[in-house]
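Here's a quick walk through a protein model, meant to be read with the structure open beside you. Have a look at the fold, then follow along helix by helix.

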Amino acid sequence: MNAVNSAILDASTGWLVLGAFSVLWVFLGWYWGRNSEELDDYVLAGRRVGLALGTATAMATWVTSNTTMAAPQIALQMGIWGMLGYSLGAVGLLMFAPLAGRIRNLMPDGYTSGDFVRLRYGKTAWRIFLVISLCYSLGWLVSMGMAGGILINALTGIPYHFGMTVILTICVGYTLLGGFRAVIGTDFIQALLILVGLVVIAILAIDKIGVDEIHAAALERRPELLNLLMPASIMFLFNNLLFGVGEIFHSNVWWSRAFSFREGVGKRAYALAGILWAPIPIVAGFVALAVPALDLNVPAADMVGPMVAAKLLGATGAVLVLIMVFSALSSSLDSLLAATSILVVEDIYRRHLNPGATAAHLRRATAWIIVGLGVLTWILCAPRITTLAELLYFTGAFVASTIWPIAAGLFLRNASAHGAIAGMLLGSIAGLYSYFAVGFYVAALVGACVSLLCVVAGSLLRPAAFDWDRLREAPPERREVGV
């Protein structure tokens, strides 16, 4: 069975849905961002985001293609622990809550996570961190572009390259028009659509098949999915927890939100987002356990989510899934485009290439980088050389090595640059080795453990005495007038 033959919707219906939501997102992007001329307005929504919008954007951004597409894939491959293990991604949001408040207090004028590493640990650690962060950001962008093409193809039969092009073009378009204000506003609507869609699909799926039938079919045909002692699944449980923490702790997607929230909002927004997000991958992964009961032939593991939903719910359900996952993809792509563009502009363009750039110049450069990132992502998505989960967890070898340098650097004065550098380098190398030598489900776990040892050793052997006031750095607007 191929994706085109299994499509529930016809291509014309698919194009109609995509066209309608594309027009809506672009219009809203223009409307919310029409007055975002200043740099802070364009990249951080004026640093005045409140609790409701803050919670919605954090939750919607974390409901990515990886949640809606890779969670069912992991459940199909690793069973119940895979499904529950994915929900531990909520721990990253919950643990980042106190960090968000700390970041806002220590760096009221900060722009990027790179700013923190540069000021806290020095230029060597900063450049290593930038390599890790940009590799991860690009991998996440590509995984979501791929997911858009896969989803649209599986549900409508529209060719993969067309679907992938649509999702990238629309997200680049409204992010370019409205900047971070557009991202925040559309995320709020997208979060509502995602939650409503998941609740409806879960209720209808249980009503159509029933939990007992799903359990009986899985026990008869795929008993390993119900095995709570599967070693790989148990390792994945801990690996995914650390991977999720590493993703959030280091990524400028989450730091930019900490800088954009009003003072006192960040801690509560991230805590609420973590609580609301936790059930989502369980619901998304649950549909994969219905594969034996439905006797589905799944040609590629990362297509299992949309195929099961479409089989269960028919054309109406397929439209619902298309809207829901299109919203999930958009809410993550726009956030990553906005956050990565300011990281590139602030930490590479201004810090390395044009130190005298004005705020107005940086505002224009950010727009160009958004377009460039969209084009680069399209080029890398075109071959579709791997599955979503394999691509996603390859980056886990890198990001988990940043957990302890970030956490220790925010709260411990004696955290040293030597420990941070060793932690990021050796943690990444160890994680990559384990990825290829053992499997994707241990890369983040190994990388985080090695990094922890390095950070602790560095703090004991070469302790620092950091002055927190060094993190308070004037933004470009103040530098221009000599403040």
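This is a predicted model: local features need pLDDT of at least 70, side-chain atom pairs count only at pLDDT 80 or more; totals for chains, interfaces and linings use all residues.

## Helix 7, end to end

Helix 7 covers residues 123-156, which is 34 residues, and it reaches 49 Å from its first C-alpha to its last, close to the 50 Å expected at 1.5 Å a residue. (That expected span is 1.5 Å times one less than the number of residues.) Helices here are DSSP runs of H or I with at least four residues, strands are runs of E with at least two, and both are numbered from the N terminus. Helix 7 is mostly covered, with 27 of its 34 residues buried. Buried means under 20% relative accessible area, exposed means over 50%, and partly exposed is in between (1.4 Å probe, protein chains only).

Residues are numbered from 1 along each chain as its sequence is written, and side-chain values use heavy atoms, with hydrogens and water left out.

## The whole protein

Of its 483 residues, 60% count as buried. Contact means heavy atoms within 4.5 Å. Among contacts with a separation of 6 or more, residues 24 or more positions apart account for 87%.

## Two helices that pack

Two packed helices are described by the angle between their axes and the distance between the axes. Helix 5 (residues 89-106) and helix 11 (residues 252-260) pack at about 50°, and their axes are 9 Å apart. The axes are lines fitted to C-alpha atoms, for helices over the stretch in contact, and angles run from 0 to 180 degrees between N-to-C directions. Helix 5 and helix 11 are therefore oblique to each other, since under 35 degrees counts as roughly parallel, over 145 as roughly antiparallel, 65 to 115 as roughly perpendicular, and the rest as oblique. On the helix 5 side, Leu93, Phe96, Ala100, Ile103 and Arg104 meet Trp254, Trp255, Ala258 and Phe259 of helix 11.

## Some buried residues

| Residue | Relative accessibility |
|---|---|
| Ala218 | 1% |
| Ser330 | 0% |
| Gly54 | 0% |
| Cys381 | 0% |
| Cys454 | 13% |

Ala218 sits in helix 9 (residues 211-221). Its C-alpha is 6.9 Å from that of Ala293, which is 75 residues away along the chain.

Ser330 belongs to helix 15 (residues 304-353). Setting aside residues up to four places away in sequence, Ser330 touches Trp25, Ile167, Cys171, Tyr174 and Gln190.

Gly54 is part of helix 3 (residues 51-62). Beyond its neighbours within four places in sequence, Gly54 is in contact with Val49, Phe261 and Ala269. Gly54 and Ala273 are 219 residues apart in sequence, yet 8.6 Å apart in space, C-alpha to C-alpha.

As for cysteines, Cys381 and Cys454 both count as buried. The structure holds zero disulfides, a disulfide being a pair of cysteine sulfur atoms within 2.5 Å.

Finally, helix 18 (residues 403-411) is mostly covered, with seven of its nine residues buried. Those buried in helix 18 include Ile403, Pro405 and Leu410.
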